[in-house]
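Here are some notes to read alongside the model.

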Amino acid sequence: MTRNESTASRRLRFEIFRYNPEDSDSKPHMQTFELDEAPYMSLYIALNQIRETQDPSLQFDFACRSAICGSCGMMVNGRPALGCRTLTTDLPAVIRLHPLPVFKLIGDLSVDTGTWFRQMVEKSEAWMHAEQAFDPAASEERMDDKLAQAIYEGERCIECGCCVASCGVANLNADFAGPAGLNRIARFMMDPRDSRSDAEWFEIVSSADGIFGCLGMMACHDVCPKELPLLEVHAYLRRKVLASALADGGN
Amino acid sequence: MTASAVQFTDVLVIGGGLAGERCAIEAAAAGHDVLILSLVPPRRSHSCAAQGGMQAALGNCVMAEGDNTTLHYLDTVRGSDWGADQEVARIFVEEAPVAVRELAHFGVPWTRVRGGHNSYFIRGKRVEIDERLENDGLIMHRDFGGTAKWRACYAAAGTGHAALYAVDSEVVRLGITVRDRAEAVELIHDGGRCWGAVARCLRTGGHFAVVAKATVIATGGYGRIYGKYTTNATINEGMGAAIALNTGSVPLGNMEAVQFHPTALAPSNILITEGARGDGAYLLDKNLHRFMVDAEPEKQELASRDVVSRHMKQCMRDGNGVDTPYGPHLWLDLRHLGEQHLITKLREVFEICRDFEGLNPVTDLIPVQPTQHYSMGGVRVNKDGQAYGMNGLFAAGEASCWDMHGFNRLGGNSLAETVVAGRLVGRAVADYAAATSLDVHTSLALGTKHAAEQRAGDWLNRSGSGPDVYSIRDAMGETMMSKVGIFRTGDELTEAVDELTALLIDCDRAVLRSKVPGMNPELSFALRLKNMLRLAFVTAKGAQLRTESRGAHYRSDYPLRNDAEWLNRTLVRWAADAAEPEFGYEPVGEIDLPPGHRGYGSDERIEMYEPVEQYNSDAYERQAEHGRLASSEAPGSRILWGAWREHV
């Protein structure tokens, strides 16, 4: 029997952060809703039920509802998590929901992750810096499958913002690349199709807004819904930057 | 907002998924100003949820040896049950390898061939294969339904995600403006020429007009007209198709052609990729019997999706499903693939089973049921992606009916379509924008914007005791799944049409319970509801009118494919202010591969009575009569006549 086939029904109490910046009468406050727990109930199901039966003005974001699109990051009892993937059976009967910090609030649980991630991509130029233009007539460049798998490992980030919200540095320094940003840089750094030199990478990553801004608390590693190995990613970046600095010093 | 809320651009792309963004890249690279409107940050578009792969005949691994574009073409046309435009299918298969390799250039970490010893599951047996050392490091393939060769290129089970991130990175690199949380609500047009769209900001609730030389609809599918009975994201509500339909000039094609995916996780309907069966997973009934081996001895679990879904539904109708309070389901068995395979090549499947149901596919059976998955229908366009009946309007990807899928698309063909069509339609859009100027009165744009604001205002002003919008949505979903589903009958379709007619009336007297300023989620949904009901209506009505079975459209009361009467494409036009939609039928295109047996499913059919040559003689003329606009090259010019003969 799986955890969701249990039939014992709880009365769940949701305490949800409310604020609509578009409404001059709205002030930030917590609002309480109650629901009967149902089998397989995720926060996606619960929040939609609250909106459709209790308060149609409640704002939140979901799209794929299968932990792939990264829309529904929120603070669940003080911890960043994907709402769609969080099952009520794994939570106490009182569930407190807040919007993710760091990102600009759109309303209630909805935050603007899109703008944050776009500026992160722009700042670190997180796109392929190919040496040559694409040749439609040529066969693909070869790549060892083990390397492809290693790149894919970092590629799996869904930019939900949970790591950024959990990061003490990102909460204080708006220019910090954040764990997701550093992960994306590492993903391109290890990709031989990207032609950037060590010196160029050094510029991007070795500052207080880059890898040296990280204080090593690694909450990001614990909260990542995709279980990205952020600890290893940070170690990889430190190693690469150090090696590049040493090589530079030798010249 | 004030009258100054009008923006100008060369190219407006509605939809920030793979098709829209690839199209935008092409137009921007040609030097045009491009603006993308997206409901969500582009990387959250539903393209990211495509798991299993992208079909392209590279022929790199042993099980793909001898593959070529013509075999891919044959699979695609057969898969479509001859509903596809064969020229478009040919264009697609020829361009797919280039598009896949271009994605490698953009950074997609495709899974690669491992030269030397490999172990696979093929049709229920473990098979040891030595991959050629000279192919080591080339893009690998996996098996998918309805294909002669292993052809799907993949990045673990996150192919769409990897492709979307790579393409969006290019969009950022090129500095293309993306306005996210913005929803196009009406096209700006004069009945024959489109000049952009009016959109609603989903941050503030305000409306703005975007005036453009060329407009592209790339909003994906409309699975949410099936309510919760869909694998689609909540954002797949078909608004691109709806605003095209509302013009009254642009027809939607084959709306009744709706794909049901065999393996949605029960009961949440989250997708489990076909790549799972491609890699060797079994479908089992309640007695743990592999019923697909009896039903389709040749293809087994890997017949096309329409065929597998019907066998599954029949199996459950025969009492061999596993009963639950949520209804019956069947089992997907991945256990024999082993943990190593499941946590690498099918990692996303492993995670979905664990996270949403607490199941471990290494040891547990996975409950699955067939569920709405893909919309073969959409904005009818010519081979350049130019919409019928409306200059300056284009469509690409799932939102379009281009029409390479006909009545059933093959797994992995849609993800490939997004980038192939994106490249090709993007070029046509760039050419169009270069050849035209913004010769339009802003009063047309402002009038459209005013009308959109008026509609929102009407909802907010309406009071009384009418039904609420979510109950109407739920009723629509129940009607669509139970009466316009996998097996259809004339009686049930008539009921569905009547029920949807009643829901359209309900929608006009529904009231909002929330009138808060801002985006107001209830208002945002209410503004879509009528559009969704109209799409549902033309889907049900189209299914009622089509008295044959073809691909995913299966009529229990007309079980045979009828090439004598129905070798055609449904076109429907329905202006926003017209009482009834108008249905018409056009030839599928010129026929190169004559109708025959698909190689799976039923071999019985009603044959064409006219010779193919006669069908072809005026096919394009008849399409032009239905509004097809001129393409850059003559229609039919890309068909490689008879190339298939070497392969059958």
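1. One definition before we start: two strands count as paired if DSSP finds at least two bridges between them. Keep in mind throughout that this is a predicted model.

2. With that cut-off in hand, look at strand E12 (residues 252-253) and strand E21 (residues 568-573) of chain B, which run antiparallel to each other and pair over two bridges. Because the rule asks for at least two bridges, the two found here are enough for E12 and E21 to pair. Within this pairing, B:Gly253 sits opposite B:Leu571 of E21(B).

3. Where does that pair sit in the order of its sheet? Both strands belong to an open five-stranded sheet in chain B, ordered E19-E17-E12-E21-E22, and the pairing in it is mixed. At the edges you'll find strand E19 (400-401) and strand E22 (582-587) of chain B, each of which pairs on one side only.

4. Two helices of chain B pack on this sheet. Helix H5 (residues 239-246) touches E12, strand E17 (378-380) and E21 of chain B, and its direction is at about 45 degrees to that of E17(B). Helix H15 (residues 521-545) touches E12, E21 and E22 of chain B, with its direction at about 60 degrees to that of E22(B).

5. Chain B has another open sheet to look at, this one with four strands in the order E13-E16-E15-E14 and antiparallel pairing. Why do E13 and E14 of chain B each have one side without a neighbour in the sheet? Strand E13 (258-265) and strand E14 (282-284) stand at the edges with a single partner strand each, so one side of each has no neighbour there. From one strand to the next, the twist averages 45 degrees.

6. Zooming in on one end of that sheet, E14(B) pairs with strand E15 (residues 330-333) of chain B in the antiparallel sense, over three bridges. B:Tyr282 has B:Asp333 in E15(B) as its bridge partner.

7. Now for the contact between the chains. Chain A puts 73 residues into it and chain B puts in 80. The buried area between chain A and chain B comes to about 6,200 Å², with carbon and sulfur atoms giving 50% of it. There are also 45 residue pairs in polar contact across this interface, counting pairs with both residues at pLDDT 80 or more.

8. Which elements of chain A give two or more residues to the side that touches chain B? They are helix H1 (43-53), strand E7 (110-112), helix H2 (113-123), helix H3 (145-155) and helix H6 (178-189) of chain A. H3(A) gives the most, with eight residues. Sorted by class, that side of chain A has 32 nonpolar, 15 polar and 26 charged residues.

9. On to the charges. Side chains of opposite charge can pair when their charged atoms come close. The whole structure has 74 salt bridges over all chains, and the count between chain A and chain B is 11. A:Glu52 and B:Arg473 form a salt bridge, with their closest N and O atoms 2.7 Å apart. A:Arg156 and B:Glu351 form another, where the closest N and O atoms are 3.5 Å apart. That pair crosses between chains, from the loop between H3 and helix H4 (162-166) of chain A to helix H10 (residues 347-357) of chain B.

10. Last, two backbone details I'd look at. Most residues other than glycine have a negative phi, and most peptide bonds are trans. B:Ala266 and B:Pro267 are joined by a cis peptide bond, with omega at about 0 degrees; B:Pro267 is in the loop between E13 and helix H6 (275-278) of chain B. B:Arg181 isn't a glycine, yet has a positive phi of about 55 degrees. You'll find B:Arg181 in the loop between strand E8 (177-180) and strand E9 (182-189) of chain B.

Technical notes
Residues are numbered from 1 along each chain as its sequence is written. Chains are lettered from A and ligands numbered from 1 in the order in which they are written. This is a predicted model: local features need pLDDT of at least 70, side-chain atom pairs count only at pLDDT 80 or more; totals for chains, interfaces and linings use all residues. Side-chain values use heavy atoms; hydrogens and water are left out. Contact means heavy atoms within 4.5 Å. Axes are lines fitted to C-alpha atoms, for helices over the stretch in contact, and angles run from 0 to 180 degrees between N-to-C directions. Buried area is the accessible area (1.4 Å probe) that two parts lose on being put together, summed over both. A salt bridge is a side-chain nitrogen of Lys or Arg within 4 Å of a carboxyl oxygen of Asp or Glu. A polar contact is a pair of N or O atoms within 3.5 Å; within protein, one must be able to donate a hydrogen and the other to accept it, and residues adjacent in sequence count only if both atoms are side-chain atoms. Ala, Val, Leu, Ile, Met, Phe, Trp, Tyr, Cys and Pro count as nonpolar, Asp, Glu, Lys and Arg as charged, and the others, Gly among them, as polar.
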